[in-house]
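Here is a briefing on one protein chain. It moves from aromatic rings to cores, then to sheets.

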Amino acid sequence: MLTPIHQLTAIPNLPWEDRPAGYDGVIWRYSRNPVIPRDATPRSNSIFNSAVVPYQGRFAGVFRVDDTRRVMNIHAGFSDDGLSWQIAPEPIQFHCDDPEVARFQYRYDPRVCWIEDRYYITWCNGYHGPTIGVGYTYDFQTFYQLENAFLPFNRNGVLFPRKINGKYAMLSRPSDNGHTPFGDIFYSESPDMIHWGCHRWVFGAGGSPWNHTKIGAGPTPIETSEGWLLIYHGVLTSCNGFVYSFSAALLDLDKPWKVIARAAPYLMSPQTLYECVGDVPNVVFPCAALVDGDTGRMAIYYGAADTVTALAFAYVHELVDWVKAEAL
């Protein structure tokens, strides 16, 4: 059995449901999806594309909440079991040393990553166009915002859970100012979480029709003995618009811009009612993956139809084997 070699922490209360009887797929949906409805706060229109982490024996997270004005922002939340969530009705208020950093037009699609001594949050931050906002918290009560990582236009900023060759590391997807009919994944590094450079191309859209239009990193990469396991989304442009699915790849541990293997098929595509019907139909969009270091069980949180948050399950070792067996 393949065991993560970085994320060794046991999560005995990991939200989990066994694989359905007679089903042999590598990933399966929670039977009671969605886990977070669109109206879990008093003024929410939708809650989706959100990130959660283990926290003090419970779970905490940062959630994308589009309110009834259709303003996009991020909120903090807590859960005892990873299934029932209490999400703050008001958005996160960041402390900023420079008032200019606090200026924003929108915040959406957060990721959360524990590095060294704190939880870092990245999100798509509207600052004269979409860019990567960066902040951190110690307790999910008080939040601090750093400089935006990149110039507009960029989305899907995802941090690695440790320094690589002495530098902080991030994946992102340079894009345009609209709905982005293109996009590849790039790697960048920083000595201080402020100044980012040494950009490297990781891999591009295409290879299989399901992700021919654009791609983007999903949850925090998982370090395994066979490489960084990266779950990423990809987009097909159909006659009725975009279709968001997701799959997985393995990246080199020391040079993550080098791809060891990338699965040709999608891992999951929008197929259920809550994934196909909503504010934006035909979307599954993963933003968080919890892994129990003792068992390799994985719980993947994903946005469905840009409306609700759902949950799927897998085993890390099975997913790594699947990537290698189904590689392009």
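The model is predicted, and it holds 30 aromatic pairs. Rings of Phe, Tyr and Trp (its six-membered ring) pair when their centres lie within 6.5 Å; planes under 30 degrees apart are stacked, over 60 edge-to-face, and the rest tilted. Local features need pLDDT of at least 70, side-chain atom pairs count only at pLDDT 80 or more, and totals for chains, interfaces and linings use all residues. Residues are numbered from 1 along each chain as its sequence is written, and side-chain values use heavy atoms, with hydrogens and water left out.

**Aromatic pairs**

- Phe 63 and Trp 85 make an edge-to-face pair, 5.0 Å centre to centre with 65° between the planes.
- This pair links distant parts of the chain, 22 residues apart: Phe 63 belongs to strand β3, and Trp 85 to the loop between β4 and β5 (86-87).
- Strands (E, at least two residues) and helices (H or I, at least four) are DSSP runs, numbered from the N terminus.
- Phe 63 and Trp 85 are buried; the term means under 20% relative accessible area, with exposed over 50% and partly exposed in between (1.4 Å probe, protein chains only).
- Phe 160 and Tyr 187 are edge-to-face because their ring centres are 5.9 Å apart and their planes stand at 70°.
- Here too the pair links distant parts of the chain, 27 residues apart: Phe 160 is in the loop between β11 and β12, Tyr 187 in strand β13.
- Phe 160 and Tyr 187 are both buried.
- One aromatic cluster is formed by Tyr 55, Phe 78, Phe 94, Trp 114, Tyr 119, Trp 123, Phe 140 and Phe 143.

- Arg 118 sits over the face of Tyr 136, 4.6 Å from the ring centre.
- The rule asks for NZ of Lys or CZ of Arg within 6 Å of the ring centre and within 35 degrees of the ring normal.
- Arg 200 sits over the face of Trp 257, 5.7 Å from the ring centre.
- Trp 257 lies in the loop between β18 (241-251) and β19 (259-262).
- Trp 257 counts as partly exposed because its relative accessibility is 22%.
- Beyond its neighbours within four places in sequence, Trp 257 contacts Tyr 187, Arg 200, Trp 201 and Val 202; contact means heavy atoms within 4.5 Å.

**Nonpolar cores**

- A nonpolar core is a set of buried Ala, Val, Leu, Ile, Met, Phe, Trp, Tyr and Cys residues joined through side-chain atoms within 4.5 Å.
- The largest core has 36 residues; Val 62, Phe 63, Trp 85, Val 112, Phe 140 and Phe 143 touch the most other members.
- Strands that each supply at least two residues of this core include β2 (44-55), β3 (58-67), β4 (72-79) and β8 (118-126).
- Phe 140 touches Val 53, Tyr 55, Ala 60, Gly 61, Val 62, Ala 76, Phe 78, Val 112 and Tyr 119, leaving out residues up to four places away in sequence.
- A second, separate core of 29 residues includes Ile 222, Ala 263, Ala 312 and Val 320.

**Sheet β11-β12-β13-β14**

- These four strands form an open sheet in that order, with antiparallel pairing; two strands pair if DSSP finds at least two bridges between them.
- β11 (154-159) and β14 (197-203) are at the edges with a single partner strand each, so one side of each lacks a neighbour in the sheet.
- The twist averages 30° from one strand to the next.
- Four bridges join β11 to β12; Val 158 has Leu 171 in β12 as its bridge partner.
- Five bridges join β12 (residues 168-174) to β13 (residues 185-190); Ser 172 is partnered by Phe 186 in β13.
- Six of the seven residues of β12 are buried, so this strand is largely enclosed by the rest of the structure.

**Sheet β1-β22-β21-β20**

- This open sheet of four strands is also antiparallel in its pairing.
- β1 (28-29) and β20 are the edge strands, each with a single partner strand, so one side of each has no neighbour in the sheet.
- Two bridges pair β1 with β22; Arg 29 has Ala 312 in β22 as its bridge partner.
- Helix α3 (residues 316-325) lies across β20, β21 and β22, at about 85° to β22.
- Axes are lines fitted to C-alpha atoms, for helices over the stretch in contact, and angles run from 0 to 180 degrees between N-to-C directions.
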